[in-house]
Amino acid sequence: MKADLAETFTFGAFDPRARLVGVLGILFSLALLKSWVVAIVMLGLGVLLWAREPVRPGIKARALTVNAFLAILWVLTPLTTPGHVLFGWGPVTVTETGVALVALLTLKCNAIFFWFEALTTAMRPTDFARAMTGLKVPNKLTSLFLLTARQIDAFERTRVSLEEAAKLRGFEPKLNRLTYVTRAHMVGILLMRAERESRRLNEALRLRAFSGTWPTVHFHRLRPKDWGLIVGLTGLALTVVVTGVLFPVGL
């Protein structure tokens, strides 16, 4: 009984429109956040909510990508941000302001990542597009999102096939001219195939009389629990914003 109740209250049981509205509010509030303690609390809450949801494939790769970018910022930001010098070596100085800035950014980015993963669990690109249509997002933006999501997967398969073909011919990536030239050729081939695939997709849509709008089934009214999710997440987002304005750094 308890297991069934827990499954009922996962985010996957809510309407995609409610989840999309909720996640946008949370993400914008986290982007504006300047409070350390609130950032830590939101990160912890995001991790707890994410842990309750079914884990989507590729979570480790996505988390590694986000934190790899943050690692670059950890190297550059403390060296280029003016402020009180923590320590230095010759012309290279690490500032306290830079360290504090990138640390807060790390908390916010990981909080955004886990909240997004938790709220959009089990949502496919078509679910996102359907939610965008239901929220009256412009058709051009919905089409751009849906076609981009479709083509990213196709380009990934093309990249994998090119790398496998290179390995079968004895290619081993190293720090030499051959590797740079081979990689450049791969990028060129990928761009050529992308352009050809875009023409093919455009022709296929024209042949099917695509008018710029996607056919959708009738949208049901949002249920009380969907409105409850919207109100709850919107209230949380407003609380985060107000807390950040009242206590920008001091918390």
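**Figure 1. Helix 4 supplies the largest share of a nonpolar surface patch.** Helix 4 (residues 59–80) gives four residues to the nonpolar patch, the largest share. The model shown here and in the other figures is predicted. The patch is formed by I72, V75, L76, L79 and V92 on the surface. Together these residues have about 430 Å² of accessible area. V75 lies in helix 4.

**Figure 2. The overall fold has nine helices and two strands.** Along the sequence the pattern reads α-α-α-α-β-β-α-α-α-α-α. The radius of gyration is 23 Å, well over the 18 Å that the globule rule gives for 251 residues, so the protein is more spread out than a compact globule. The C-alpha trace spans about 65 × 60 × 40 Å along its principal axes. Of the 251 residues, 32% are buried. The protein exposes about 16600 Å². Carbon and sulfur atoms supply 70% of that area. Take the contacts between residues at least 6 apart in sequence: 74% of them join residues at least 24 apart.

**Figure 3. The largest nonpolar core has 32 residues.** F11, I26, L30, M42 and W115 have the most contacts inside this core. Helix 2 (16–31), helix 3 (36–52), helix 5 (96–119), helix 6 (125–134) and helix 9 (224–246) each give two or more residues to the core. Helix 5 gives the most, with eight residues.

**Figure 4. M42 is one of the residues with the most contacts inside the largest nonpolar core.** Residues up to four places away in sequence are not counted in this view.

**Figure 5. F171 is a buried residue in a loop.** The loop lies between helix 7 (139–168) and helix 8 (177–207). F171 has 13% relative accessibility. The cut-off for buried is under 20%, so F171 counts as buried. F171 touches A166, T179, T182 and R183, with residues up to four places away in sequence left out. F171 and T182 are 11 residues apart in sequence. Their C-alpha atoms are 8.7 Å apart in space.

Conventions. Residues numbered from 1 in each chain as written. Predicted model: local features only at pLDDT ≥ 70, side-chain atom pairs only at ≥ 80, totals over all residues. Heavy atoms only, no water. Patch = residues over 30% accessible without salt bridge, like charges linked within 9 Å, V, L, I, M, F, W, Y side chains within 5 Å. Areas by Shrake-Rupley, 256 points an atom, 1.4 Å probe, with all protein chains shown as cover. Salt bridge = Lys/Arg side-chain N within 4 Å of Asp/Glu carboxyl O. Core = buried A, V, L, I, M, F, W, Y, C linked by side-chain atoms within 4.5 Å. Buried < 20%, exposed > 50% of the residue type's maximum accessible area, 1.4 Å probe, protein only. Contact = heavy atoms within 4.5 Å. Rg over C-alpha atoms; globule rule 2.2 N^0.38 Å.
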